[in-house]
Number of protein chains: 2
Amino acid sequence: MTSVDVAREAGVSQSAVSRAFTRGGRVSAATRHRVMETAERLGYLPNAIARSLATQRSGIVALIVGELHNPFYPQALSQFAQALAARGKSALLLTHDPERDIQDTLNSARAYQIEAAIVFPTRLNSAPPSLGDVSQGGIPVLLFNRHLPSDELLSVTCDNVAGGRLAATVLLRAGTRRPVFIGGDPETSTHQDRLAGFTARLAEAGLTPLAAPASAFRYDWGVQATLEMHAHGLEPDAIFGANDIIAIGALDALRQLGRRVPQEVSVIGFDDILESDWLAYRLTTIRQPLSAMIEDALRVLDDPQPSGGPRLHPGELVWRGSVGGNFSGNVRGDIRHAGGAPAPEAR
Amino acid sequence: MTSVDVAREAGVSQSAVSRAFTRGGRVSAATRHRVMETAERLGYLPNAIARSLATQRSGIVALIVGELHNPFYPQALSQFAQALAARGKSALLLTHDPERDIQDTLNSARAYQIEAAIVFPTRLNSAPPSLGDVSQGGIPVLLFNRHLPSDELLSVTCDNVAGGRLAATVLLRAGTRRPVFIGGDPETSTHQDRLAGFTARLAEAGLTPLAAPASAFRYDWGVQATLEMHAHGLEPDAIFGANDIIAIGALDALRQLGRRVPQEVSVIGFDDILESDWLAYRLTTIRQPLSAMIEDALRVLDDPQPSGGPRLHPGELVWRGSVGGNFSGNVRGDIRHAGGAPAPEAR
DNA sequence: CTGAAAGCGCTTACAG
DNA sequence: CTGAAAGCGCTTACAG
């Protein structure tokens with residue numbers, strides 16, 4: 001079932017059919033109507049593959065993801081897919097095996113004449129050797145949520161340094177004297193920037209983090225790091241998890257250790273994933289402005305600019321109750337109270 | 001940069017270039033080598049769009065998802081994408097807005113000459129009017145995790161009736177006298193089948209569920225249903241959550257109510273999502289055999305068969321500690337113990 | 001094994 | 001506004 005079939009049936013030329021299906025196509029209302037009607041009757045649908053070949057525009061954007069252990073990524077992925085659909089673009093989903101060269105993955109995307117690639121570097125190290133010349137094909141590649149030290153690639157991220165500072169501010173107001181940072185993958189910009197901001201702000205108050213172990217952005221690691229700290233006699237009065245999933249692991253470990261949150265220990269995370277709002281956690285955290293970040297990413301891709309480093313979006317404090325004290329006033333204007341529910345008594 | 005450019009540069013015909021890039025293509029080792037070398041040098045990559053048009057096979061499979069509130073779906077999605085890549089296929093990701101007709105979504109997929117569509121019906125009612133004639137384009141459509149009452153579409157699901165029975169068996173062995181089912185979306189086959197199996201098995205033991213409220217497969221609903229039950233003076237001694245996310249909500253509500261798990265109340269779920277293994281929950285559940293289900297789905301798509309109802313895969317008990325008693329012996333041969341960790345004392 | 005050529009289903013100048 | 005035709009970048013019989 002092709003445009004030729006429809007043309008024959010409708011008694012018009014094949015070009016007319018094509019024009020009828022192209023918005024802005026120069027056809028009379030009459031022929032357009034005839035064409036659409038017979039197309040409907042025959043169940044005809046224009047072949048997007050053929051159109052792509054003819055127009056030299058595929059309308060396809062690649063979304064490249066690693067493992068999806070961190071719930072932050074599926075949420076972002078889903079929003080991206082919706083935003084692309086709203087713009088009439090299609091999303092090609094590729095999984096990136098961290099064992100393989102990311103260039104291979106990008107090549108299989110490039111074969112589909114993608115207009116851009118968005119990389120969710122769940123397990124990408126900060127400086128994969130090959131990513132540098134990835135744009136050789138001329139297609140813009142955008143890193144989402146992380147950036148490379150060299151800033152040679154476009155990237156959209158949360159302002160993680162400011163977010164780290166904010167976390168420190170919040171914990172300081174709660175009166176911390178013995179704060180700790182539980183890191184994620186130390187090779188990532190998210191880990192590094194959050195730690196840098198956190199440490200800098202603490203230093204201003206004359207404090208140094210008790211410890212800053214690092215390993216991976218995983219729940220298990222949050223648990224393990226917390227247990228090990230206590231096994232070594234280190235008892236922090238505040239924990240900043242490099243992301244929510246780590247902070248949640250820390251909360252579970254603290255519960256197992258019998259340490260009360262937030263009375264004895266404050267905990268703060270980063271991301272604001274769905275799970276952070278669960279009653280068992282009620283995690284105070286720095287929310288990444290996901291929608292704004294996605295809009296920005298898509299805007300940049302529409303209008304390819306010179307790289308120029310990561311595009312930063314401010315994080316926002318979500319107050320829930322895993323940190324002591326209270327915040328009836330704003331901290332630097334960017335603290336907001338989430339929901340109305342107080343922390344459960346049972347905590 | 002096309003095959004013509006490479007051909008000119010390598011001093012061969014364009015056909016030769018094409019053959020060099022086609023496995024099984026009849027070319028001498030010498031020319032293939034020449035071609036590959038200059039292709040590499042020029043950064044040439046065959047155009048998959050053009051190939052699709054020429055071969056009439058796109059190699060694209062559509063993955064159609066709704067909202068991703070339930071972590072079960074991202075996990076499945078990610079595994080599907082990997083499995084497809086391993087078979088040399090590409091995944092087109094489409095989000096389905098439940099407000100819109102699913103036919104629209106399928107059409108935009110069909111335009112890309114997809115070879116098959118896999119629908120994750122996160123918020124699809126059991127009988128959307130339009131899904132019946134979806135295969136009009138001749139492309140197989142497969143429902144993953146749910147089936148329609150009419151069974152007019154291919155589907156791959158867990159054996160939810162047997163799973164529901166298994167849940168009942170487990171709770172009966174734990175000595176339940178006042179079991180409850182907290183349902184999900186009552187219009188879905190997953191809800192209906194799990195409830196049917198659960199009720200049937202309880203009936204054999206002379207029991208009827210105290211209640212079976214239903215609403216949606218959401219965490220919030222698990223919390224709310226549990227709180228409302230208790231507000232109405234209904235105090236179950238066992239809860240079967242229609243899926244893990246509901247069961248987790250129930251666990252959080254029970255903790256808030258001060259009811260001890262598993263001493264006073266047993267809780268069992270369905271799916272085995274990552275969160276179920278978190279220390280705050282340690283949820284005993286029926287695991288869906290995701291890998292086997294995905295393999296099966298792909299096998300069916302390779303070899304399109306007459307529909308013939310849902311293809312069922314047996315669920316498997318994962319024992320963690322949210323149910324009283326213990327299972328040193330097998331129940332019907334399909335109960336397995338998960339991990340080595342005992343339920344935490346603190347529960 | 002190799003090359004010339006038709007064809008996949010569209011879009012889009014080009015004439016009319 | 002409309003149609004005939006070239007062209008998008010491949011694959012694959014068809015001859016040689």
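**View 1. Strand 3 and its neighbours in chain B of this predicted model.** Three bridges tie strand 3 of chain B to strand 4 (residues 141–144) of chain B, and the two run parallel. Strands here are DSSP runs of E with at least two residues, helices are runs of H or I with at least four residues, and both are numbered from the N terminus. Two strands pair if DSSP finds at least two bridges between them. Across this pairing, V119(B) sits opposite L143(B) of strand 4. Strand 1 (residues 60–65) of chain B also pairs with strand 3 of chain B in the parallel sense, over 5 bridges, and L63(B) has I118(B) as its bridge partner. How many of the residues of strand 3 (residues 116–120) of chain B are buried? The count is 5 of the 5, so strand 3 of chain B is largely enclosed by the rest of the structure. A residue is called buried if 20 or more other C-beta atoms lie within 10 Å of its own, exposed if 12 or fewer do, and partly exposed in between, with C-beta atoms placed from the backbone. In a regular strand, side chains alternate between the two faces of the sheet. Here A116(B), I118(B) and F120(B) point one way, A117(B) and V119(B) the other.

A word on conventions: residues are numbered from 1 along each chain as its sequence is written, while chains are lettered from A and ligands numbered from 1 in the order in which they are written. Since the model is predicted, local features need pLDDT of at least 70 and side-chain atom pairs count only at pLDDT 80 or more, whereas totals for chains, interfaces and linings use all residues.

**View 2. Strand 5 of chain A, between two parallel partners.** Strand 5 (residues 154–158) of chain A is mostly covered, with 5 of its 5 residues buried. From this strand, L154(A), V156(A) and C158(A) point one way and S155(A) and T157(A) the other way. Strand 4 (residues 141–144) of chain A joins strand 5 of chain A through 3 bridges, running parallel, and L142(A) stands opposite L154(A). Strand 10 (residues 310–313) of chain A is also parallel to strand 5 of chain A, with 4 bridges between them; there C158(A) is partnered by H313(A).

**View 3. The surroundings of D272(A).** Look for D272(A) in the loop between strand 8 (266–271) and strand 9 (284–287) of chain A. Is D272(A) buried or exposed? It counts as buried, because 26 C-beta neighbours lie inside 10 Å. Beyond its neighbours within four places in sequence, D272(A) is in contact with D244(A), T285(A), R287(A), Q288(A) and V318(A). Contact means that the C-beta atoms of two residues, placed from the backbone, lie within 7 Å.

**View 4. Where chain A meets chain B.** The contact takes 43 residues from each of chain A and chain B. On the chain B side, the elements that each supply at least two residues include helix 5 (72–86), helix 9 (219–231) and helix 10 (244–257). That side divides into 25 nonpolar, 13 polar and 5 charged residues. The classes are: Ala, Val, Leu, Ile, Met, Phe, Trp, Tyr, Cys and Pro nonpolar; Asp, Glu, Lys and Arg charged; and the others, Gly among them, polar. Strand 2 (residues 90–95) of chain A and strand 2 of chain B run antiparallel and are joined by 3 bridges, with A91(A) opposite L93(B).

**View 5. The axis relating the two copies.** Chain B superposes on chain A by a rotation of 180° with 0.0 Å of shift along its axis (RMSD 0.1 Å). The two copies are thus related as by a two-fold rotation axis. In chain B, L92(B) has the C-alpha nearest the axis, 2.3 Å from it. The superposition is by least squares on the C-alpha atoms of residues with pLDDT of at least 70 in both copies.

**View 6. The protein surface near DNA strand C.** Around DNA strand C there are 26 residues, the closest being S3(A), S18(A), N47(A), A54(A) and S13(B). Near means that the C-beta atom, placed from the backbone, lies within 6 Å of the strand. Elements giving two or more residues to this surface include helix 2 (14–21) and helix 4 (48–55) of chain A and helix 3 (29–42) of chain B. By class, this surface has 11 nonpolar, 12 polar and 3 charged residues.
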